[in-house]
Amino acid sequence: RGLGDVYKRQKLQIGCMIIVLYVACIYIREKQIYQMKRKNVLFETILAAGIVGIFFDGATAYTVNHLAEIPASVNTFLHLCFLSFLDIFVFLMFLYMYDITRGLPQKRGERIGLFLPLLINIVVVIVFMPQLEYRKGTFTNYSMGMSAYTCFAMVALYVLAASGIFLHSWKNLERHKQIAISTYLLVTIGVTAYQMFFPEALLSSLVPAVVIVGIYLNQETPLYAKLQKNNEEMVMGFATLVENRDDNTGGHIRRTTAYVKLLAEELRSRGFYKEQLTNDYVANLVMAAPMHDVGKIAIPDAILQKPGKLTDEEFEIMKTHAQKGGKIIRETFGHLGNDAYEEMAYEVAAHHHEKWNGRGYPDGLKETEIPLCARIMAVADVFDAVSAKRCYRDAMPLDQCFHIIEEGRGRDYDPVLVDVFIEIEDKIRKVYEESTAE
């Protein structure tokens, strides 16, 4: 009778636990299969917190219906653990949302600000735990009191905050992530609201189960990470083949990609263009950067490899590589299923020669008419072009290269990008020196 009684009252928690443990086992197994050595600390913490939270959810669902058999101190301790882990899990979900959109803040004060409501809430839960009441419902007993009210208020706060961040970053997230995140946010909101109005429902374990499955399937499966890595290698290989026609061996695309990544991450950490510079945006930009000169594959060797200065007619032909590059991206990468990457690669290839003052090519775009990704690419491309040896001239000294970028501030390049680029000169120099040392 005891085992049957446990299953009858805890079958939801048992089912959720089985699902989450299955995901954990598959995740660990796939990491071994695909040799993913890098730890995903945040997701793995969410996974662990979900398992522990569901356990305490099931334990309290049992003890609250067996008050005469379970010591009061044990029941109180289990409820304390359940309420605390419920808050911790939802906080981690909020933190994950923050990370995949804006990126976690680097400043200590901002990080403390994110954690402070959670810490205050747990203190309140602990303080008022002795006053927790156990009420008899139609189908099951349930707990109520200041600790429970505070817990669900904090859950509601973090869920609303996560929803706000998600909606604010909607247009810069990939389509599959939009669908997945919408699903588990709606489930979390629905379960939280229902639990608050009908406390005896005991549906809390649905939240970690749905969230963990959603995150795993759409964002954190090692198979997806492996496919992304393969795609990056394919893109880099294709770009290197194109660059070899320009009497180069891949150094230009490796360096410009590194400069682009440094600049984009620094902009985000300083709060510039934070609405656009989501994790997805930066990842797509880094993968799109090697394709910026793909249009040169359509330029004749006589022009591409000419050791002297191009004639006006030859330069006009050379300029077509931007427009042709955009066309190649559309035709080659238009069916990969990643619309955000395709658009990013197109913008980088087609518009990295536009200028802030509108005197660039091919479309004469100016200022913020130029996509941000192309503006970032322009700075990295020109810096590497003047700092590397070409068939028609020697490399310039690095001090002069930085001066050229600085001179173009507000004329050729976005002033904000130039300022940040100059301020991270040491990091740029390090990339250059490591590249030339190879």
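**Cores, helix faces and salt bridges**

Aspartate 293 is buried, at 12% relative accessible area; buried here means under 20%, exposed over 50%, and partly exposed in between, with a 1.4 Å probe and protein chains only. The side chain of aspartate 293 meets that of lysine 296 in a salt bridge, 3.5 Å from N to O. The term requires a side-chain nitrogen of Lys or Arg within 4 Å of a carboxyl oxygen of Asp or Glu. Lysine 296 is buried too, at 13% relative accessibility.

The model is predicted: local features need pLDDT of at least 70, side-chain atom pairs count only at pLDDT 80 or more, and totals for chains, interfaces and linings use all residues. Residues are numbered from 1 along each chain as its sequence is written, and side-chain values use heavy atoms, with hydrogens and water left out.

The largest nonpolar core has 57 residues. Such a core is a set of buried Ala, Val, Leu, Ile, Met, Phe, Trp, Tyr and Cys residues joined through side-chain atoms within 4.5 Å. Ile46, Phe94, Met97, Ile181 and Tyr184 have the most contacts inside it. Two or more residues each come from α1 (2-33), α2 (41-63), α3 (72-101), α4 (108-127), α5 (146-168), α6 (175-197) and α7 (206-220). Helices are DSSP runs (H or I, at least four residues) numbered from the N terminus. α3 gives the most to this core, with 16 residues.

Tyrosine 184 shows the packing in detail. Leaving aside neighbours within four places in sequence, tyrosine 184 is in contact (heavy atoms within 4.5 Å) with Met93, Tyr96, Met97, Val210, Val211, Gly214, Ile215 and Gln219. A second, separate core has 48 residues, among them Leu267, Met344, Cys373 and Tyr432.

Glutamate 347 belongs to helix α13 (residues 339-351). At 19% relative accessibility, glutamate 347 counts as buried.

Next, helix α15 (residues 398-407). Which residues of this helix are buried? They are Leu398, Cys401, Phe402 and Ile405. Seen down the axis of α15, the buried residues fall within an arc of 95°, so they line one face. The arc is taken over directions from the helix axis to the C-beta atoms. An α-helix has 3.6 residues a turn, so residues three or four places apart point the same way.

Back to charge pairs. The salt-bridge count comes to 18. Arginine 409 and aspartate 419 form one, at 2.7 Å from N to O. Arginine 409 lies in the loop between α15 and α16 (415-423) and aspartate 419 in helix α16, so the pair ties together parts 10 residues apart in sequence. Both ends are partly exposed: arginine 409 at 42%, aspartate 419 at 29%. Another bridge joins arginine 135 and glutamate 133, with the closest N and O atoms 3.1 Å apart. Glu266, Arg270, Glu423 and Lys427 are linked in a salt-bridge network.

Finally, the backbone. A cis peptide bond joins tyrosine 361 and proline 362, with omega about 10°. Proline 362 sits in the loop between α13 and α14 (372-387). Glutamate 367 is found in the loop between α13 and α14. Glutamate 367 has a positive phi of about 45°, although it is not a glycine. Tyrosine 273 has a positive phi near 50°. Tyrosine 273 lies in the loop between α9 (251-269) and α10 (279-288).
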